[in-house]
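User: Can you walk me through a few local features of this model? I'll ask as I go.

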Amino acid sequence: MNLLARLRSWSKWMVRRQHLETDLEAEVRFHIDSYAADLVRSGVPAAEASRRARIEFGGIESHKDAVRASMGVRFWDDLWGDLQYAARVLRKSPGFTAIAVVSLALAIGANTSIFSLANQLLYARLGVPHPEQLRLLTVLADEHSTVHSSWGIRYPVPGGGYRFVSFTYPIYKQLRRENHVLGEIFAFKENIQAKCND
Amino acid sequence: MGKQIDLLQGTLDMLILKAVSLGPLHGYGVLLRIQQISGEQLQIQQGSLYPALYRLEHQGWITSEWGESDNNRKAKFYRLTAAGKRQFQSEAEKWNHMASVIAGILRTRPEEI
């Protein structure tokens, strides 16, 4: 739907709130006054007319609230109100607040330091000298290629052909034999877990 | 005046769009215009007009501007936008279609089945 128009009017309400509230107030007042004036013209006494106009309009504040709801600004009013209420309640019981804050701080701090340690030990360190020199070999092939991947795992390449990073053992042996570029070629296999006791 | 009935969902929006399509109006004017063109048969609950007006403006169907009323007071005038015109046409079409379908059902006599 008309998303742009909604966004524009919503942001207008968020930014120029005071101004628009005054406008709404003036608009409602104009309505009630005009209706009262019409009633006077039809023969109703002035005091009675303004009373009736007010009653027939209905609850002014509830209608204004419905206006705010229809603009999507009431949600933010409610949120702001809730935050203020929360702040007030927390201020009223400083003991509870202090305990809550301290326990949250301790828990978050402990979690963060344990994660930093585990991250360093388990993920960041590769456990080899010069890890930046490591390369993972990839084969780019097409349908006519005689080399194929092991397990049939391959990924399509934009513009035709496919690539894979898992080789059959004969291919690995041939790569090793004919390597004149790389310092060393080694193979590894995923999903094999081994334990070596000293 | 007759008894209070609930307007069908979306009906008030359509009536407002129709009213302002006949020329720019302030809120109170929209109310009077709807009463007038309904031959005084329809009275809208006054305050409920404003949430609808603001919603329609929010959706971009109508736009508003402060101007001077007949009695030389500042009043906010609403006017239909191009998008509002399209919206009104499609709403009116849907309404007329629905109304004719239901009228057809209500007219049916036993021998016609």
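Predicted model: local features only at pLDDT ≥ 70, side-chain atom pairs only at ≥ 80, totals over all residues.

User: Start with α3(A). What should its 12 residues span, and what is the distance between the end C-alpha atoms?
Analyst: At 1.5 Å a residue, helix α3 of chain A (residues 46-57) should span 16 Å, and its end C-alpha atoms are 17 Å apart, which agrees.

User: Which of its residues are buried in α3(A)?
Analyst: A49(A), A53(A) and F57(A) are the buried ones. They cover an arc of only 60° around the axis, so they sit on the same side of α3(A).

User: And what is exposed on the other side of α3(A)?
Analyst: A47(A) and I55(A) are exposed there.

User: What covers the buried residues of α3(A)?
Analyst: The cover includes α2 (17-41) and α4 (60-71) of chain A, and also α3 (49-58) of chain B.

User: What follows α3(A)?
Analyst: G58(A) comes after the helix, with a positive phi near 95°.

User: Switching to the sheet. What is the strand order in chain A?
Analyst: The order is β1-β3-β2, in an open sheet of 3 strands with antiparallel pairing. β1 (139-141) and β2 (155-156) of chain A are at the edges with a single partner strand each, so one side of each has no neighbour in the sheet.

User: How many bridges join β2(A) to β3(A)?
Analyst: There are 2 bridges between β2(A) and β3 (residues 162-164) of chain A, and the two strands run antiparallel. Y155(A) has R163(A), in β3(A), as its bridge partner.

User: Now chain B. What about the phi of E40(B)?
Analyst: E40(B) has a positive phi of about 60°, although this residue is not a glycine. Most residues other than glycine have a negative phi.

User: Where is E40(B) found?
Analyst: E40(B) is in the loop between α2 (27-37) and α3 of chain B. Its relative accessible area is 48%, so E40(B) is partly exposed.

User: Last one, S70(A). Buried or exposed?
Analyst: S70(A), which lies in helix α4 of chain A, has 16% relative accessibility and so counts as buried; the cut-off for buried is under 20%.

User: What does S70(A) touch?
Analyst: Leaving out residues up to four places away in sequence, S70(A) touches P51(B), Y54(B), R55(B) and H58(B).

User: What lies 3.5 Å from a polar atom of the S70(A) side chain?
Analyst: The backbone oxygen of P51(B) does.

Definitions and conventions: Residues numbered from 1 in each chain as written. Chains lettered and ligands numbered in written order. Heavy atoms only, no water. Helix = DSSP H or I, 4+ residues; strand = E, 2+ residues; numbered from the N terminus. Expected span 1.5 Å × (residues − 1). Buried < 20%, exposed > 50% of the residue type's maximum accessible area, 1.4 Å probe, protein only. Arc of directions from axis to C-beta. Contact = heavy atoms within 4.5 Å. Pairing = 2+ DSSP bridges. Polar contact = N/O pair within 3.5 Å; in protein donor to acceptor, adjacent residues only side chain to side chain.
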